[in-house]
Amino acid sequence: MHLSLLFGIVIPFAGLLVPLFVWFTKKDSSSYAHSQGLEMINFLINIFIFALGTVLLCVLVVGVLLVVPVLLFAFIMPIIAAVKCSKGNDFSYPIIYRFIK
C-alpha cells in the first residue's frame, strides 16, 4: 500500500490518486489497512506542505537547501514503510502531523 505513493514519480497525480483509491477500497475490510491508509494520507498532506514551504523559501534562497532533503524524505519513507508493513508491523511516519485521525 505504501509503495503506491511512488506512482507519482511515473505518472503525475497518480501518487495522490492511487493511494486514495487503495485506501477507500480496503479501509472497510481491515482495521490494519484503515490505519495504514490514514498514515499514507497524512504523509501526502505533510509532503505537500513541506514541498510548498520549500518552494516558497526558494525565493529567499534558503529553500534551495531544503529541496534535496524533502525529495529524499518523500522517496525513502514510503519504501521503509512498505518493508516494515510487509512484516506485519504498524508503521508511523516520523516528523509528520496527523491531520486525519
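Student: Let's start at Ile95. Is Ile95 buried or exposed?
Tutor: Ile95 is exposed, because its relative accessibility is 67% and the cut-off for exposed is over 50%. Keep in mind that this is a predicted model.

Student: Where does Ile95 lie?
Tutor: Ile95 sits in the segment after H4.

Student: OK, new topic. Where is Leu71, and is Leu71 buried or exposed?
Tutor: Leu71 is in helix H4. Leu71 is exposed, with a relative accessible area of 56%.

Student: How many residues apart are Leu71 and Asn42 along the chain?
Tutor: They are 29 residues apart, and their C-alpha atoms are separated by 17 Å.

Student: What about Met77? Buried or exposed?
Tutor: Met77 is buried, because its relative accessibility is 10% and buried means under 20%. Met77 is in helix H4.

Student: Which residues is Met77 in contact with, leaving aside neighbours within four places in sequence?
Tutor: Met77 is in contact with Phe43, Leu72, Phe91, Tyr93 and Pro94.

Student: And how does Met77 relate to Leu5?
Tutor: Met77 and Leu5 are 72 residues apart along the chain. Their C-alpha atoms are separated by 9.9 Å.

Student: Which residues make up the largest nonpolar core?
Tutor: There are twelve: Leu5, Met40, Phe43, Leu44, Ile47, Phe73, Met77, Ala81, Cys85, Phe91, Tyr93 and Ile96. The elements that give two or more residues to this core are H3 and H4.

Student: Why would nonpolar side chains gather?
Tutor: In soluble globular proteins, nonpolar side chains tend to be buried together.

Student: Phe91 is on that list. What does Phe91 touch beyond four places away in sequence?
Tutor: Phe91 touches Gln36, Glu39, Met77, Ile80, Ala81, Lys84 and Cys85.

Student: Now Pro19. Where is Pro19?
Tutor: Pro19 lies in helix H2. Pro19 is buried, with a relative accessible area of 0%.

Student: What is Pro19 in contact with, neighbours within four places aside?
Tutor: Pro19 is in contact with Ser4, Leu5, Ala14, Met40 and Leu44.

Student: How far apart are Pro19 and Leu6?
Tutor: They are 13 residues apart in sequence. In space they are 9.3 Å apart, C-alpha to C-alpha.

Student: Which elements give two or more residues to its lining?
Tutor: Helix H1 (7–10), helix H2 (14–26), helix H3 (31–58) and helix H4 (62–86) do. H3 gives the largest share, nine residues.

Student: How many residues line the largest pocket, and which lie nearest its centre?
Tutor: The lining has 21 residues. Leu5, Leu44, Ile47, Phe48 and Ala74 lie nearest the centre.

Student: And how do the lining residues divide by type?
Tutor: The lining of the largest pocket has 18 nonpolar residues, three polar and no charged.

Notes:
Residues are numbered from 1 along each chain as its sequence is written. This is a predicted model: local features need pLDDT of at least 70, side-chain atom pairs count only at pLDDT 80 or more; totals for chains, interfaces and linings use all residues. Side-chain values use heavy atoms; hydrogens and water are left out. On a 1 Å grid over the protein atoms alone, a cavity is a set of points where a 1.4 Å probe fits but cannot get out, and a pocket is an open set with protein on both sides within 12 Å along at least five of seven lines; lining residues have an atom within 4 Å of a point. Helices (H or I, at least four residues) and strands (E, at least two) are DSSP runs, numbered from the N terminus. Ala, Val, Leu, Ile, Met, Phe, Trp, Tyr, Cys and Pro count as nonpolar, Asp, Glu, Lys and Arg as charged, and the others, Gly among them, as polar. A nonpolar core is a set of buried Ala, Val, Leu, Ile, Met, Phe, Trp, Tyr and Cys residues joined through side-chain atoms within 4.5 Å. Buried means under 20% relative accessible area, exposed over 50%, partly exposed in between (1.4 Å probe, protein chains only). Contact means heavy atoms within 4.5 Å.
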